[in-house]
Amino acid sequence: MVASRPFGSGGPLVSVIGQGTWPLPDRDALRRGIALGLTHIDTAEMYGDGRSEEIVGEAIAGVPREKLFLVSKVLPQNADAKGVARACEQSLRRMRTDYLDCYLLHWRGSVPIEETMAALERLVDAGKARSLGVSNLDPWDLREAGAALRTHRITCDQVLYNLEERTIEEHELPWARENGAAIVAYTPLGRPTIDAKKKRYASIAQIAERRGVSVQAVALAFLIRDERVFAIPKASRIEHVEANAAAATLTLDDDEIAAIEAAHPRRRRVGALPTN
Ligand SMILES: NC(=O)c1ccc[n+]([C@@H]2O[C@H](COP(=O)([O-])OP(=O)(O)OC[C@H]3O[C@@H](n4cnc5c(N)ncnc54)[C@H](OP(=O)(O)O)[C@@H]3O)[C@@H](O)[C@H]2O)c1
């Protein structure tokens with residue numbers, strides 16, 4: 001069964017590997033993932049204009065709600081006081097559930113962050129979301145958003161994080177450690193997807209062969225080696241779902257981590273937080 005860990009300090013136990021749903025998920029693949037314990041499901045009102053949330057609703061039908069950790073996101077253009085409440089209601093209706101485990105601002109737009117954070121807090125108070133979070137925010141934005149909160153805190157920042165994009169470890173991950181939050185890695189397999197035949201993936205290909213798992217599982221295991229990190233690969237193919245589930249129980253040793261670090265060095269960021 002897929003490993004779980006607290007979603008931020010004192011948070012609920014959540015599967016370290018989840019399931020992404022952009023642009024559209026496959027319902028049967030989602031179901032297979034849930035059966036394997038990939039119960040952390042990430043979606044957004046943006047994905048397929050709501051269709052992704054509907055497919056999630058179909059996939060989770062019959063699954064006890066408390067076994068799932070459902071995350072959705074409000075678009076920045078809907079992130080004003082009334083818009084957040086309306087967008088959340090619509091997401092809940094499409095997913096056929098009465099609460100989200102975490103509701104995120106998808107990225108920062110022109111609505112003042114104080115207004116969005118206050119609206120998210122009201123949803124948590126009303127029981128429509130168990131927690132609130134953000135996506136694509138760098139530490140400067142995170143501090144501003146955090147300072148705007150009165151009673152709740154930012155439980156996660158969902159960011160682009162994979163072998164080729166490790167600046168997260170220098171910037172957002174330290175913020176998460178200081179603030180008891182989780183980091184959720186989106187596009188964890190990279191864009192383009194990891195290809196074992198490419199020379200730069202030779203180190204993980206060797207580890208994968210030795211461990212009898214896929215290169216993708218090794219790449220995911222590398223990201224989740226930090227106790228604050230979760231990864232949400234999207235897989236429409238059942239064999240991909242199964243390979244990703246294998247990552248949740250794979251613990252890399254120090255030599256394996258060092259080999260991957262040497263091939264994919266960590267860097268400090270110059271410029272904006274990357275989003276694709
Ligand atoms: N917050 C944001 O702004 C943001 C932005 C982008 C994404 N996201 C979220 O993060 C999720 C994941 O990101 P992503 O979809 O961009 O990228 P990704 O999960 O890194 O890559 C998805 C691609 O990898 C393939 N794949 C998955 N598992 C595989 C495996 N074990 N072996 C080989 N190939 C595998 C999938 O193929 P198949 O589908 O054919 O199986 C698909 O083509 C999204 O679905 C979405 O929920 C959030």
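## A walk through the predicted model

The ligand is surrounded by 24 residues, the closest being Gly20, Tyr186, Leu189, Lys234 and Ser236; a residue is near a molecule if its C-beta atom, placed from the backbone, lies within 6 Å of it. This is a predicted model, in which local features need pLDDT of at least 70 and side-chain atom pairs count only at pLDDT 80 or more, while totals for chains, interfaces and linings use all residues. Residues are numbered from 1 along each chain as its sequence is written.

**Around the ligand**

By class, this shell holds 8 nonpolar, 13 polar and 3 charged residues. Here Ala, Val, Leu, Ile, Met, Phe, Trp, Tyr, Cys and Pro count as nonpolar, Asp, Glu, Lys and Arg as charged, and the others, Gly among them, as polar. Helix 9 (residues 238–247) gives the shell its largest share, 3 residues. Helices (H or I, at least four residues) and strands (E, at least two) are DSSP runs, numbered from the N terminus.

**The overall fold**

The protein has 10 helices and 9 strands. Its radius of gyration is 18 Å, close to the 19 Å that the globule rule gives for 276 residues, so the protein is as compact as a globular protein of that length. That radius is taken over C-alpha atoms, and the globule rule is 2.2 Å times the number of residues to the power 0.38. Along the principal axes, the C-alpha trace spans about 55 × 45 × 30 Å.

Of the 276 residues, 48% are buried. A residue is buried if 20 or more other C-beta atoms, placed from the backbone, lie within 10 Å of its own, exposed if 12 or fewer, and partly exposed in between. Among contacts between residues at least 6 apart in sequence, 74% join residues at least 24 apart; a contact means that the two C-beta atoms, placed from the backbone, lie within 7 Å.

In soluble globular proteins, nonpolar side chains tend to be buried together. In this model the largest nonpolar core has 85 residues, and those with the most contacts inside it are Tyr103, Ile183, Ala185, Ala219 and Phe230. The largest share of this core, 8 residues, comes from helix 8 (residues 215–223). Such a core is a set of buried Ala, Val, Leu, Ile, Met, Phe, Trp, Tyr and Cys residues joined through C-beta atoms within 7 Å.

Leaving out residues up to four places away in sequence, Tyr103 touches Ser72, Val74, Cys88, Leu120, Leu123, Ala129 and Leu132. Leucine 104 is found in strand 5 (residues 102–105). Leucine 104 counts as buried because it has 27 C-beta neighbours inside 10 Å. Beyond its neighbours within four places in sequence, the contacts of leucine 104 are Val71, Lys73, Gly133, Val134, Ser135 and Gln158.

**Two covered strands**

In a regular strand the side chains alternate between the two faces of the sheet. Strand 4 (residues 69–74) has 6 of its 6 residues buried: Phe69, Val71 and Lys73 point one way, and Leu70, Ser72 and Val74 the other way. Strand 8 (residues 182–186) has 5 of its 5 residues buried, so it is largely enclosed by the rest of the structure. On one side of strand 8 are Ala182, Val184 and Tyr186, and on the other are Ile183 and Ala185.

**Helix 1 and some backbone details**

Helix 1 (residues 27–36) has Ala29, Leu30, Arg32, Gly33 and Ile34 as its buried residues, and their cover includes helix 2 (51–59) and helix 9. Glycine 37, with a positive phi near 105°, follows helix 1. Most residues other than glycine have a negative phi, and most peptide bonds are trans. Tryptophan 22 and proline 23 are joined by a cis peptide bond, with omega about -5°, and proline 23 lies in the loop between strand 2 (13–15) and helix 1.

Aspartate 49 has a positive phi near 55° and sits in the loop between strand 3 (40–42) and helix 2. With 10 C-beta neighbours inside 10 Å, aspartate 49 counts as exposed. Asparagine 136 also has a positive phi, near 60°, and lies in the loop between strand 6 (132–135) and helix 5 (139–148). With 22 C-beta neighbours inside 10 Å, asparagine 136 counts as buried.
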